[in-house]
Structures are given as C-alpha cells and as structure tokens.
Amino acid sequence: MKELHWYYPETLADAETLVRQENVLPHGGGTGLLLRNLTGVDSLIELSRLPLRSIKVVDHNVEIGSACTYADVVEKMAEIDPGHILIKCLHHSANTPLRNRITIGGSVAMFPPWSDLMGALITLDAMISLTGKNSGDYSVLEYIRDKNLRANSLITTVKFKLLPRKSAHYREIRTKSDMPTFNHTVLLNIEKNKIVDCRIITVGTVLKYTRLAEAETYLTNRRIENIDVAEIGKLVNLKFAGSHIDDPEYANIKAGIELGRMIQQMVRS
Ligand SMILES: Cc1cc2nc3c(=O)[nH]c(=O)nc-3n(C[C@H](O)[C@H](O)[C@H](O)COP(=O)(O)OP(=O)(O)OC[C@H]3O[C@@H](n4cnc5c(N)ncnc54)[C@H](O)[C@@H]3O)c2cc1C
C-alpha cells in the first residue's frame, strides 16, 4: 500500500501553496476521506493547525472558519442566535463523536446527498471564501455547480447574514443515528400574519438538492389562516433515486406530508 505524506501547515500562505499541488487534498475531519478511494492521492493537508476554527459576527454577518466542526457551530450559534436554522440542522446530525470531527469546509466540499448542512447554507444564500487556484468569495450555489471552483482550492470561511426568520429542519431517518434519506430545510419570513418570503430546499434528490419552488409560490404572500397543509403536500414532486432510497414514490409522498407538517408547526408557533 502506498504511504500518504501528511502536511501540517500553520499559516494560510503555506496552505495556499500546498493546495495548488496536484494529488494533494485538504483533510478536515477525515470522515469523508475515510470512505474514499485514495489511490491517486499522494498527500493530505491537515487543516487543524490553521487559524480556521473560529466563528465571528461582523455587522450582522456570521463568518464560520472552515475547520469548525458541526459541534462547534451548534455551540457558538446557540450564543449568537439560539433559534438559528444551523443549530436545528446540525445538533442531531450523525452522532456525537462524528459531530466533533465533521468540519464545515469538508462538508461543503464533499456535499453528500445526506448532508444536514447544505440545505441550510443554500436557504441562507451563504458565501464561500476560497484560497488556492481559485481565490475570493463565491455563492454556495456557484461552488456546488462549478467543479473548476473546487479544484486545488481550500475553503477558508463560510459566511451568511443573520436574518430574523422562522426556521425548521426535518430529517427522514429510520433509526436515530441513520444518515437521512432526504431532509427539508425551511425558512419563513412572516410579517403581520402573512408569509412575505420563504425558502424551501430538499437535500437527497437525484439532483442532490431541489428548491421547492411551487410550494414557495403557494406560500408567498399568503396569510397564515389561509394555508391549506394538504395543498402543500400536493405541490411536492421530488425525484428520488439511489441505493439508499427503497421506494422513490413513497419517499416523495412522505416528503410532501412532512413538509406540510413542518409548515403547520412553524406558522402555529
Ligand atoms: C457514519 C457517518 C455518518 C454520517 N452522517 C452524516 C449525517 O447524518 N449528516 C451529515 O451532514 N453528515 C454526515 N456524515 C458526514 C459526511 O458524510 C462527510 O463525511 C463529512 O461532511 C465530510 O466532512 P469532513 O470534515 O470529515 O471532511 P473530510 O473527510 O476531511 O474531507 C472531505 C472532502 O472535502 C475536502 N476538504 C476538506 N476540507 C476542505 C476545505 N476546507 N476546503 C476544500 N476542500 C476540503 C477533502 O479533500 C475531501 O475531498 C457522516 C459521516 C459518517 C462517516
């Protein structure tokens, strides 16, 4: 078996030089790399000595260092905004030892179809800061869609605005420690009993994620007392596939029912 070389950079300048090399990959929590075939990889860049494990709020913008773990984010966001969507998404993700390892940077770069993070980052219009072959700020959607952005580039920070929103996250799981077969993330902006804006993202579909535009249109500018939960379920038409979904048709019906329940709970509370 080939021996991997490990780098332990302590400055971003050193990490930037290393990440530009071919066959050299960043190592965040290692929970995704663990399951991956590393045959073509010569070296790993361990990120834990870099100054990337802090969370700051600057002018209502939250900046999360990419080496922060899911557990770090849950703990710090509870101080910043106790009802924040990221806490709801991440506090029950995977299990405790994994939440202490999985990093924000590794999770954005990998974006598995069971990601509890990415639905929230998409609904929040998050921005990603990169260094390496690509440097600068990009929207999370640009990063997902453009594989050139992901090449030889290190995610340093994930940023988003702090906005007063009602939020909810639902994970479809069979046992408590399962990866979700799909998950919904919902943000609602409610003013005077009327939904003025909403974002609904489902992660785990054939396209990896789907924005539920029809349900969003139904809810936008609708007064709370006029919401028909059964109607929301009918507007969900998601395509599921893959080995982790037993019955895509059942998953779609379940996704519709659960979305209706989420909205009902959110507008009642
Ligand atoms: C048993 C198990 C259950 C899980 N369940 C869930 C779950 O329910 N929900 C959930 O959301 N996640 C879950 N995960 C985590 C998920 O599957 C990924 O393993 C995780 O998101 C990867 O993060 P990491 O920090 O460990 O990345 P790593 O394994 O370190 O890296 C993953 C990829 O990202 C690259 N990378 C790492 N850091 C950076 C960076 N800063 N910039 C650019 N590229 C980078 C690496 O080179 C690699 O290609 C689970 C993992 C396991 C093993």
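Start by selecting His 60: with 60% relative accessibility, His 60 counts as exposed, where exposed means over 50% relative accessible area, buried under 20% and partly exposed in between (1.4 Å probe, protein chains only). You will find His 60 in the loop between S4 and S5; helices (H or I, at least four residues) and strands (E, at least two) are DSSP runs, numbered from the N terminus. Although His 60 is not a glycine, its phi is positive, at about 65 degrees. Most residues other than glycine have a negative phi.

A word on what you are viewing: this is a predicted model, in which local features need pLDDT of at least 70 and side-chain atom pairs count only at pLDDT 80 or more, while totals for chains, interfaces and linings use all residues. Residues are numbered from 1 along each chain as its sequence is written, and side-chain values use heavy atoms, with hydrogens and water left out.

**Another positive phi**

Now go to Lys 208, which is also not a glycine and has a positive phi of about 80 degrees. Lys 208 belongs to strand S12 (residues 208–211). With a relative accessible area of 31%, Lys 208 is partly exposed.

**Into the largest pocket**

Next, centre the view on Gly 32, Leu 33, Gly 106, Ala 109 and Met 110, the closest to the centre of the largest pocket among its 48 lining residues. About 1200 Å³ of space lies in this pocket. On a 1 Å grid over the protein atoms alone, a pocket is an open set of points with protein on both sides within 12 Å along at least five of seven lines, and lining residues have an atom within 4 Å of a point. Helix H5 (104–110) is one of the elements that supply at least two lining residues, along with strands S2 (24–27) and S8 (153–161). The largest share, five residues, comes from H5.

Select helix H2 (residues 70–80), where Tyr 70, Asp 72, Val 73, Val 74 and Met 77 are buried. Among the elements covering them are S4 (55–58), S5 (61–65), H5 and S8.

Then move to Val 140 in helix H7 (residues 140–145), buried at 2% relative accessibility. Beyond its neighbours within four places in sequence, Val 140 is in contact with Met 118, Leu 121, Ile 122, Ala 126, Met 127 and Ile 128.

Finish at Leu 44 in strand S3 (residues 43–46), which counts as buried at 3% relative accessibility.

Note on methods. Contact = heavy atoms within 4.5 Å. 1 Å grid on protein atoms, 1.4 Å probe; cavity = no way out; pocket = protein on both sides within 12 Å on 5 of 7 lines; lining within 4 Å. Points joined across faces, edges and corners; volume = space filled by probe spheres on them.
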